[in-house]
Amino acid sequence: MEGRAGAFLATGTDKVRSGYGNGDCVLLDFAHAVFALSDSAERHARASRELLERLRAGVAEHGSPSGIDGWRAMVNGVFARQDYRHKATFSCVGLAERNGALTLTALNGGDSAIIVINVTARRVEYMSRPDMYFAGRSREIAHAAELVLSGDEYRVALCSDGISDIAKLSGKSVVEMMMDAAASAVDELPARFRAMVESIDGTPGAEYDDTGTLVIDPRACMRRENIALIMG
C-alpha cells in the first residue's frame with residue numbers, strides 16, 4: 001500500500017522440501033488501523049490465519065477498543081477460542097488519535113516481535129520480548145503496552161522469528177535489518193526482502209524458517225480506507 005505499508009511472506013526451505021504449509025500470516029486492516037502477525041506450526045499451518053480472522057471479525061463488529069484495557073479484553077477473547085493443538089504467536093498494533101496525539105497499543109504473545117523505530121533519531125523506541133504465551137497454550141495475552149508517537153517520524157515492524165534467519169544469512173541483526181527497512185518507503189519492503197531471500201537461495205547450507213514481516217508508517221495509516229487484507 002503506497003506510502004502506508006508493506007508486507008512480505010516467504011516459505012522456509014524445509015517446508016519447500018517437505019511440502020508442509022507456511023504457518024506465517026499477516027493482517028492489514030486499514031479501516032480500523034489494526035495490524036497483526038501470527039506464526040503457527042506447519043502441522044496446523046492455518047491456525048495463524050484463523051486467529052487473525054477472529055481478531056478481524058471482532059474489530060469489524062465492535063470497533064477498535066478505546067484503551068489498553070479494552071484491547072486486553074478483546075485479545076483475550078480471541079485467545080480463549082484458540083484450540084490447544086493450534087498454537088500460534090500473536091503480535092498486534094492498534095493505532096488511534098487521542099487528544100491530538102497518535103497512540104499505539106502493542107500486544108504480543110509468543111516469539112514473534114513488534115519493533116517501533118524512531119526514524120528521526122534512528123533508534124528503537126520499543127521492542128517486544130519473546131515469551132511462551134502462545135495463543136492456544138495461553139488463555140490470555142502476555143504483554144500489552146501503550147506508546148505515544150509525537151513529533152518525530154516512526155516506522156512499526158511486526159515480524160516472525162524466521163526473520164532472524166534471513167538477517168543472519170545477510171550478515172545483519174534483526175534490528176539492523178529493520179533499521180535499513182525503516183530508512184526507505186515502507187511499500188518498497190516486499191521487493192527489498194524478496195531480493196534478499198533470492199540472494200540467499202542456492203547458497204550451500206543456507207536454511208531459513210517461514211518468514212513473515214509487516215512494516216507500517218503509523219501516521220500514514222491513520223488515513224482510513226475500507227480495506228482489510230489477510231495474507232497467508
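Guide: A definition to start with: contact means heavy atoms within 4.5 Å. Helices (H or I, at least four residues) and strands (E, at least two) are DSSP runs, numbered from the N terminus. This is a predicted model, in which local features need pLDDT of at least 70 and side-chain atom pairs count only at pLDDT 80 or more, while totals for chains, interfaces and linings use all residues. Residues are numbered from 1 along each chain as its sequence is written, and side-chain values use heavy atoms, with hydrogens and water left out.

Visitor: OK. What does helix H3 lie across?
Guide: Helix H3, residues 68-80, lies across E3, E4, strand E5 (101-109) and E8. H3 runs at about 30 degrees to E5. Axes are lines fitted to C-alpha atoms, for helices over the stretch in contact, and angles run from 0 to 180 degrees between N-to-C directions.

Visitor: And what does helix H2 lie across?
Guide: Helix H2 (residues 47-62) lies across E2, E3, strand E4 (90-98) and E11, at about 15 degrees to E2.

Visitor: In what order do the strands of that six-stranded sheet come?
Guide: The order is E8-E5-E4-E3-E2-E11, in an open sheet with antiparallel pairing. Two strands pair if DSSP finds at least two bridges between them. At the edges are strand E8 (143-149) and strand E11 (228-231), each pairing on one side only. From one strand to the next the twist averages 10 degrees.

Visitor: How many bridges join E2 to E3?
Guide: Six, and the two strands run antiparallel. In the loop between strand E2 (24-29) and strand E3 (34-39) lies Ala33. Phi of Ala33 is near 55 degrees, a positive value in a residue other than glycine.

Visitor: Is Ala33 buried or exposed?
Guide: Ala33 is buried, at a relative accessible area of 0%. Buried means under 20% relative accessible area, exposed over 50%, and partly exposed in between, with a 1.4 Å probe and protein chains only.

Visitor: What holds paired strands together, in general?
Guide: Strands of a sheet pair through backbone hydrogen bonds, either parallel or antiparallel.

Visitor: How many residues sit between E6 and E7 in their hairpin?
Guide: Four. The two strands are joined by four bridges and run antiparallel, and the bridge partner of Asn118 is Arg123 in E7. Arg122, in the turn, has a positive phi of about 50 degrees although it is not a glycine. At 49% relative accessibility, Arg122 counts as partly exposed.

Visitor: What about Met127, which residues does it touch?
Guide: Leaving out residues up to four places away in sequence, Met127 touches Ile114, Ile115 and Val175. Met127 lies in strand E7 and is partly exposed, with a relative accessible area of 39%.

Visitor: At what angle do H5 and H6 pack?
Guide: About 140 degrees, with their axes 10 Å apart. H5 and H6 are therefore oblique to each other: angles under 35 degrees count as roughly parallel, over 145 as roughly antiparallel, 65 to 115 as roughly perpendicular and the rest as oblique. Met177, Met178, Asp180 and Ala181 of H5 and Leu189, Arg192, Phe193 and Met196 of H6 make the contact.

Visitor: Which residues of H5 are buried?
Guide: Val174, Met177, Met178, Met179, Ala181 and Ala182. What covers them includes E6, E7, E9, helix H4 (163-169), H6 and E10.
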